[in-house]
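Morning, everyone. Please have a look at the next structure with me.

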Amino acid sequence: MDIVLVIALLQSPALEGEEFVKVLNNIARTSTLPLVAVMPGGGYSERFRDKLEELGIPSFSTPSEGVKALKILYEFSYRREFVNRRKTLGSKSFEALSLT
């Protein structure tokens, strides 16, 4: 499973917050990959994290929070795939359910 984790320091003069939100929104809308944004910082970054959340893009203030969210997403996807395979196989051997 491929996942995109974007970590941006919006305090950098080279990175404008509004434009960054537009770019991430475009990527999220055109990609099939899950996207999570991390923007460390205080009030300035929080403003743009809130905008991403309004657009349906999960955003966090620390990399560890973003990685935890991706871990949960991966585990959910893995378990869903396991259940789907089990439904497809019916009463066949559990050995055939291996996802590795």
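How many helices and strands are there in the protein chain? There are three helices and three strands. Both are DSSP runs, numbered from the N terminus: helices are H or I with at least four residues, strands E with at least two. Along the sequence the pattern reads β-α-β-α-β-α.

A word on the source. This is a predicted model, where local features need pLDDT of at least 70, side-chain atom pairs count only at pLDDT 80 or more, and totals for chains, interfaces and linings use all residues. Residues are numbered from 1 along each chain as its sequence is written, and side-chain values use heavy atoms, leaving out hydrogens and water.

Now the chain overall. It has 100 residues, and 24% of them count as buried, meaning under 20% relative accessible area with a 1.4 Å probe, protein chains only. Take the contacts between residues at least 6 apart in sequence: 54% join residues at least 24 apart. Contact means heavy atoms within 4.5 Å.

Helix α1 covers residues 17-30, and helix α2 covers residues 43-54. Their axes come within 10 Å and cross at roughly 25 degrees. Axes here are lines fitted to C-alpha atoms over the stretch in contact, with angles from 0 to 180 degrees between N-to-C directions. So α1 and α2 are roughly parallel to each other, the term for angles under 35 degrees.

Who makes the contact? From α1, G17, E18, V21 and L24; from α2, Y44, F48, K51 and L52. Those residues divide into five nonpolar, one polar and two charged. Gly counts as polar here, and Tyr as nonpolar.

Key
Angles under 35 degrees count as roughly parallel, over 145 as roughly antiparallel, 65 to 115 as roughly perpendicular and the rest as oblique. Buried means under 20% relative accessible area, exposed over 50%, partly exposed in between (1.4 Å probe, protein chains only).
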